[in-house]
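This briefing describes a predicted model. The points below are grouped by topic, for reading alongside the sequence and the structure.

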Amino acid sequence: MPTTPATAANSSSNGTAEAIMLELVDENGTTIGTAEKLAAHQPPGQLHRAFSVFLFDEQGRLLLQRRALGKYHSPGVWSNTCCGHPYPGEAPFAAAARRTHEELGVSPSLLAEAGTVRYNHPDPASGLVEQEFNHLFVGMAQDGLHPDPEEVGETAFVTAEELAEQHARAPFSAWFMTVLDAARPAIRELTGPSAGW
């Protein structure tokens with residue numbers, strides 16, 4: 001994985017875990033400071049920069065991941081392909097590509113910006129709050145997946161119809177429908193009208 005100034009500044013050289021810092025933003029997405037990751041998610045939450053990735057295969061099926069059971073935030077629920085937070089000073093596009101590779105072991109063959117969405121979603125199970133200014137990305141996944149079991153419990157490629165059925169019977173992340181609906185115009189452009197998104 002290439003090293004950038006942002007990733008170098010946020011990685012530990014001696015193998016010890018360091019606090020993960022997030023970029024705090026105003027309502028326009030302008031950086032106004034930083035906060036430690038868990039602190040930013042404590043109620044009522046601090047507005048911070050995030051990203052969400054939606055990758056599709058050649059058949060127009062969306063790649064979902066079920067978050068690993070060991071994650072402190074929203075464990076065991078289904079969500080979009082990848083989501084996370086850029087390091088302070090890291091471009092959202094670079095962060096999206098980096099985390100997709102770290103979590104799923106795949107580099108998107110295509111990744112395009114799909115707008116932004118701002119939301120406030122409390123997570124009843126953990127008590128944490130998602131106050132996010134979220135950068136959306138859509139793309140294609142053609143390589144074999146190699147998920148990191150500490151991050152990802154399960155993956156599935158689903159059609160729009162299969163997603164509706166799964167969403168009705170399985171738990172999904174609190175933010176999933178918000179980011180999916182915001183990304184739909186770009187998803188339709190990527191997958192074409194026949195995919196049903």
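**Helix α4**

In helix α4, which spans residues 160–169, the buried residues include A160, L163 and Q166. Viewed down the axis of α4, its buried residues fall within an arc of 120°, so they line one face of the helix.

- The exposed residues E161, A164, A168 and R169 are carried on the face of α4 turned away from its buried side.
- The cover over the buried residues of α4 includes β4 (62–67), β5 (78–79), β9 (152–158) and α5 (176–191).

**Nonpolar cores**

- The largest nonpolar core has 26 residues, of which F54, L62, L64, L163, F176, I187 and W197 touch the most other members.
- Two or more residues of this core are given by each of β3, β4, β7 (110–122), β8 (129–140), α4 and α5.
- Helix α5 provides the largest share of this core, with six residues.
- Leaving aside residues up to four places away in sequence, W197 touches F56, G60, L62, V158, T159, A160, L163, R184, I187, R188 and T191.
- Another core, of nine residues, lies apart from the largest one; among its members are V53, L55, A95 and A96.

**Strand β3**

- Strand β3 is mostly covered, and nine of its nine residues are buried.
- In a regular strand, side chains alternate between the two faces of the sheet.
- From β3, the residues H48, A50, S52, F54 and F56 point one way, while R49, F51, V53 and L55 point the other way; all of them are buried.
- Strands β3 and β8 run parallel and are joined by nine bridges.
- Within this pairing, L55 stands opposite G139 in β8.
- Strand β3 also pairs with β6 (residues 82–84) in the antiparallel sense, over three bridges.
- The bridge partner of F51 in β6 is G84.

**Backbone features in loops**

- The peptide bond from P43 to P44 is cis, with omega near 5°.
- P44 is located in the loop between α2 (37–41) and β3 (48–56).
- S74 has a positive phi of about 55°, although it is not a glycine.
- The loop between β4 and β5 contains S74, and this residue is buried, with a relative accessible area of 5%.

Definitions and conventions
Residues numbered from 1 in each chain as written. Predicted model: local features only at pLDDT ≥ 70, side-chain atom pairs only at ≥ 80, totals over all residues. Heavy atoms only, no water. Buried < 20%, exposed > 50% of the residue type's maximum accessible area, 1.4 Å probe, protein only. Helix = DSSP H or I, 4+ residues; strand = E, 2+ residues; numbered from the N terminus. Arc of directions from axis to C-beta. Contact = heavy atoms within 4.5 Å. Core = buried A, V, L, I, M, F, W, Y, C linked by side-chain atoms within 4.5 Å. Pairing = 2+ DSSP bridges.
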